[in-house]
Amino acid sequence: MLFPEVASRQIPGSLASFYLQHVLIMVVPPYLMYEWGPRSIEPRREWSWAIFSLCFYWMYTLYVLYPVSLLTEVNLNYVLCPAPADPFNGPNYRLSAFLYQTFCVLTFGKALTWVVDGLRSKIKG
């Protein structure tokens with residue numbers, strides 16, 4: 001959401017669909033965490049699910065997206081080369097992107113847990 005690449009979206013409705021999907025990515029997880037109760041949120045000091053999701057994302061990127069991108073010559077999820085507005089453009093693009101994504105997944109995933117858990121405890125008493 002910080003550096004969206006929307007210039008290539010030429011089909012009618014694709015720009016609206018892009019923003020709708022990304023807004024839903026930010027709205028649906030807190031809603032589900034709030035509604036499903038305490039069993040859906042890992043404890044605040046537990047990192048196993050955060051590390052698991054990060055490893056799953058790395059494996060998906062390295063063993064699915066990257067080979068499929070090479071075979072089809074389509075830059076899926078910008079694994080072959082950076083987006084035009086990407087601040088990590090350069091010779092170490094992939095390493096920078098992985099480090100940045102690692103930081104974001106761990107930081108914002110845990111921040112979401114803390115915020116939703118705090119709000120739920122205040123609302124439900």
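Colleague: W49, buried or exposed?

Modeller: W49 is exposed, at 58% relative accessible area. Buried means under 20%, exposed over 50%, and partly exposed in between, with a 1.4 Å probe and protein chains only.

Colleague: What kind of model is this?

Modeller: This is a predicted model, where local features need pLDDT of at least 70, side-chain atom pairs count only at pLDDT 80 or more, and totals for chains, interfaces and linings use all residues. Residues are numbered from 1 along each chain as its sequence is written, and side-chain values use heavy atoms, with hydrogens and water left out.

Colleague: What pLDDT does the chain average?

Modeller: The average is 81, and 87% of the residues score at least 70. pLDDT is the predictor's confidence in each residue, from 0 to 100.

Colleague: Back to W49. Which helix is it in?

Modeller: W49 is in helix α2. Helices are DSSP runs (H or I, at least four residues), numbered from the N terminus.

Colleague: How many aromatic pairs are there?

Modeller: Four. Rings of Phe, Tyr and Trp (its six-membered ring) pair if their centres lie within 6.5 Å; planes under 30 degrees apart count as stacked, over 60 as edge-to-face and the rest as tilted.

Colleague: Why is W49 with F52 edge-to-face?

Modeller: The ring planes stand at 85°, with centres 5.4 Å apart, so the pair is edge-to-face. W49 and F52 are three residues apart in helix α2, about one turn. F52 is partly exposed, at 49%.

Colleague: Which residues form the aromatic cluster?

Modeller: W49, F52 and F56 form one cluster.

Conventions:
Helices (H or I, at least four residues) and strands (E, at least two) are DSSP runs, numbered from the N terminus.
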